[in-house]
Amino acid sequence: MSGDQSLQETLSLIYRLQSMDLEGQRLRAQTEVALAAIQTEKANLESLEKSLDSSKEELIGLEASHQKIEMDLKDTEMLLLEGKKRQKDLKHARDIQAFLAEAEFRRDEKDRMEEEILANLEAQASLAKKIELLQEDLLRKKELYREEAARVSAQNEERKLRIEEIETARKDLEKSFDEDLLETYQRLRSSQKNGQVITRVIDGACESCRITLPPRTVTEVKKRKRIMSCQYCQRWLYIEDGKVS
Ligand SMILES: [Zn+2]
C-alpha cells in the first residue's frame, strides 16, 4: 500500500465516521425538536382546558347568583303585596308617607333585581356559547394532538432505531482507526462548529464554508501526500475516490 493510498484511506475513513456522527447528531436534534413541539402542543391543550374549567366555574357562579336574586325578588314582591294590604289600615298622614316611601324603595329594588336577572341571563347565555365553542375547539385540538403525538412517537422510534444502527456501524468502523487518529478526530469534532472536522472539495471550493480554495491547495489535496486544511474554516479537505474537483 503506497503512502498516497493510506492517506486517502484515512481521510475516507474519517469522512465515513463523520457522516455517521453527523447523521446521528441530526437525528437526535430532530427528535429533540419534535419532542419540544409536542410538549408545547400539550401545554396549549392544558391551558385551553384550564380556560374551559374556569368558564364552567364562572357559569356555576352566575347560576347561583341568579337563584339568589330570584329569591330576593320574591321576598321584595311579597313585601310589596303585604304593604298593599296594610295600606288600607293606615290612617295617619305620617304613616302613609312612610309607607309610600318604603313602597317606592321596594319598587326600585324590584326593578333593579329584574334588570340584574336579565343581565345575568344574558351573561349566562354568552358564557354557555363560549363554553360550547371551547369544548368543540378542545375536542378538535385533542384529536389533532393525539394524531400528532402518535406520528412523533413513530418517527422518534424510527430515529432511535437508525441511531442504534449508526452506533453499531460506528463501533465497527472505529476498529479501522488507530487510537491517535480517533482521538484527534474527537478533539477536532468537539472544537469545530457543527462537529464537522473534514469536508469535501466540490468544484474547487470548500463544501463546508463554500469559499473557493486557492488552486494550489486543491492541487495539494489531489496529490494526497499530506492532510490539507481549508484556510478559511480549518477543516480537513478531502476528495472522494473517482471524483474530480
Ligand atoms: Zn472551509
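Three strands make up an open sheet of mixed pairing, arranged in the order β2-β1-β3. Strands here are DSSP runs of E with at least two residues, helices are runs of H or I with at least four residues, and both are numbered from the N terminus; two strands pair if DSSP finds at least two bridges between them. Because β2 (205-206) and β3 stand at the edges with a single partner strand each, one side of each has no neighbour in the sheet.

The model described here is predicted, so local features are reported only at pLDDT of at least 70 and side-chain atom pairs only at pLDDT 80 or more, while totals for chains, interfaces and linings use all residues. Residues are numbered from 1 along each chain as its sequence is written. The mean pLDDT of the protein, the predictor's confidence in each residue on a scale from 0 to 100, is 93, and 97% of the residues score at least 70. Confidence is highest in β2, at 97, and lowest in helix α3 (residues 179-191), at a mean of 90.

The pairings within the sheet can be followed residue by residue. β1 and β3 are parallel and are joined over three bridges. Within this pairing, Ile 198 has Trp 236 of β3 as its bridge partner, and Arg 200 has Tyr 238 of β3. β1 and β2 run antiparallel and are joined by two bridges, with Val 201 opposite Cys 206 in β2. The hairpin of β1 and β2 has two residues between the strands, and Asp 203 in this hairpin takes a positive phi near 50°.

The sheet belongs to a protein with four helices and three strands. From the N terminus on, the order of the elements is α-α-α-β-β-α-β. The radius of gyration, taken over C-alpha atoms, is compared with a globule rule of 2.2 Å times the number of residues to the power 0.38. Its value for the protein is 40 Å, well over the 18 Å that the rule gives for 245 residues, so the protein is more spread out than a compact globule. Along the principal axes, the C-alpha atoms fill a box of roughly 135 × 35 × 30 Å.

The domain assignment, whose bounds come from an automatic or database source, gives domain 1 (24-176) and domain 2 (182-238). The centres of domain 1 and domain 2, taken over C-alpha atoms, are separated by 60 Å.

A residue is buried if 20 or more other C-beta atoms, placed from the backbone, lie within 10 Å of its own, exposed if 12 or fewer do, and partly exposed in between. Buried residues make up 9% of the 245 residues.

A nonpolar core is a set of buried Ala, Val, Leu, Ile, Met, Phe, Trp, Tyr and Cys residues joined through C-beta atoms within 7 Å. The largest such core has 15 residues, of which Ile 198, Val 201, Trp 236 and Leu 237 touch the most other members. At least two residues of this core come from each of α1 (3-87), β1 (198-202), α4 (215-223) and β3 (236-238). Leaving aside residues up to four places away in sequence, Ile 198 touches Leu 11, Ile 14, Tyr 15, Gln 18, Arg 235, Trp 236 and Tyr 238.

Arg 224 is buried, with 20 other C-beta atoms within 10 Å. Gln 234 lies in the loop between α4 and β3 as well, and its phi is positive, near 70°. Gln 234 is partly exposed, with 15 other C-beta atoms within 10 Å. Most residues other than glycine have a negative phi.

Another loop, between β2 and α4, contains Cys 209. Cys 209 counts as partly exposed, with 16 C-beta neighbours inside 10 Å. Not counting residues up to four places away in sequence, Cys 209 touches Cys 230, Tyr 232 and Cys 233. The C-alpha atoms of Cys 209 and Met 78, which are 131 residues apart along the chain, are separated by 89 Å.

Definitions and conventions:
Contact = placed C-beta atoms within 7 Å.
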